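This briefing goes through one protein chain by topic.

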Amino acid sequence: NVAHGVAILCRYLLAAKRRGVTVPQADAMIDAIARGFEFSKKNYYRNEIHLYYSTTSIHESAIEEGYSIWVNYAYLCMLDLIEKMAGGYGVPEMFAGVRELAAGFRPTIEKIFTLSGRHVRRIRPDGEVDLRPDITLMSPFFFGSVSPDTSFAPSDELTKSIDYIEQTLWD
């Protein structure tokens, strides 16, 4: 939820900037974005493995713990939006920690959530890979919509993940 909240604030500020609209509360919103980033880094980010830890129940009745593709790509989206917002509002130095964290985080999630040419939904706390098919395998596609250059661009991993979902869940 932190990633989504920060992303919403960033998208609002970026949309206002694109439209040439002055946001009277921009400084307070930028401060809230900074606090949201710091909170997520302190409470959920595991620096030693460059992943965000989560407890979630996207569609299951039970809470699941570990490192989910959904949560980690949501945080990647958040980091990308913070960088865009910081550049647009002339405060990149305020968010230097975002660039630093993203440098280790981005390549890690792109590698760790891919196995046998397709995406995996979660890494459990004990390191076991959760291969169950569900919509969260589409996270890189869904959260990749931040960048107009790569929005909705199919990758081999995405195509294989879609095929896996279709073959496994088709009834």
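A residue counts as buried under 20% relative accessible area, as exposed over 50%, and as partly exposed in between. R106 has a relative accessible area of 26%, so it is partly exposed. The model is predicted.

**Overall build**
- The protein holds six helices and eight strands.
- Their order along the sequence is α-α-β-β-β-β-α-α-β-β-β-β-α-α.
- The protein has 171 residues, and 42% of them count as buried.
- Among contacts with a separation of 6 or more, 61% are between residues 24 or more positions apart.
- The protein exposes about 9500 Å², of which carbon and sulfur atoms supply 55%.

**Helix α1**
- Helix α1 has 18 residues, which at 1.5 Å a residue should span 26 Å; the end C-alpha atoms of α1 are 26 Å apart, in agreement with that value.
- The buried residues of α1 are A3, V6, A7, C10, L13, L14 and A16.
- These buried residues of α1 pack against α2 and α3.
- G20 follows α1 and has a positive phi, near 75 degrees.

**Helix α2**
- Helix α2 covers residues 26-43, and its 18 residues should span 26 Å at 1.5 Å a residue; the end C-alpha atoms are 25 Å apart, which agrees.
- In α2, the buried residues are A26, M29, I30, I33, A34, G36, F37 and S40.
- Viewed down the axis of α2, the buried residues fall within an arc of 160 degrees, so they line one face of the helix.
- D27, A28, R35 and K42 are exposed on the other side of α2.
- The cover over the buried residues of α2 includes α1 (2-19), β1 (45-46), β2 (51-52), α3 and α4.

- One of the salt bridges joins R106 and D80, whose closest N and O atoms are 2.5 Å apart.
- R106 is in helix α4 (residues 96-112) and D80 is in helix α3 (residues 69-88), so this pair ties together parts that are 26 residues apart in sequence.

**T108 in α4**
- Helix α4 also contains T108.
- T108 has 18% relative accessibility and therefore counts as buried, the cut-off being under 20%.
- Setting aside neighbours within four places in sequence, T108 is in contact with I49, H50 and L51.

**Salt-bridge network around D130**
- A network of salt bridges links R121, R122, R124, E128, D130 and R132.
- D130 and R121 are both buried.
- The side chain of D130 also meets that of R124 in a salt bridge, at 3.8 Å from N to O.
- What is the relative accessibility of D130? The value for D130 is 2%, so D130 counts as buried.
- R124 has a relative accessible area of 23%, so R124 counts as partly exposed.

**Nonpolar surface patch**
- L115, V129 and L131 form a nonpolar patch on the surface, and together have about 210 Å² of accessible area.
- L115 is in strand β5 (residues 114-115).
- L115 has 38% relative accessibility, so L115 counts as partly exposed.

**L137 in a loop**
- L137 is in the loop between β8 (129-130) and α5 (139-143).
- Is L137 buried or exposed? L137 is buried, because its relative accessible area is 0%.
- Which residues does L137 touch, not counting residues up to four places away in sequence? They are R118, H119, V120, R121, R132, S161, Y164 and I165.
- Of these contacts of L137, R121 and R132 also belong to the salt-bridge network.
- L137 and E157 are 20 residues apart along the chain, and their C-alpha atoms are separated by 9.7 Å.

Note on methods: Residues are numbered from 1 along each chain as its sequence is written. This is a predicted model: local features need pLDDT of at least 70, side-chain atom pairs count only at pLDDT 80 or more; totals for chains, interfaces and linings use all residues. Side-chain values use heavy atoms; hydrogens and water are left out. Helices (H or I, at least four residues) and strands (E, at least two) are DSSP runs, numbered from the N terminus. Buried means under 20% relative accessible area, exposed over 50%, partly exposed in between (1.4 Å probe, protein chains only). Contact means heavy atoms within 4.5 Å. Accessible areas come from the Shrake-Rupley method with a 1.4 Å probe; for residues, only the protein chains shown count as cover. A salt bridge is a side-chain nitrogen of Lys or Arg within 4 Å of a carboxyl oxygen of Asp or Glu. Patches are made of residues with over 30% relative accessible area and no salt bridge: like charges are joined within 9 Å, nonpolar side chains (Val, Leu, Ile, Met, Phe, Trp, Tyr) within 5 Å. The expected span of a helix is 1.5 Å times one less than its number of residues. The arc is that of the directions from the helix axis to the C-beta atoms.
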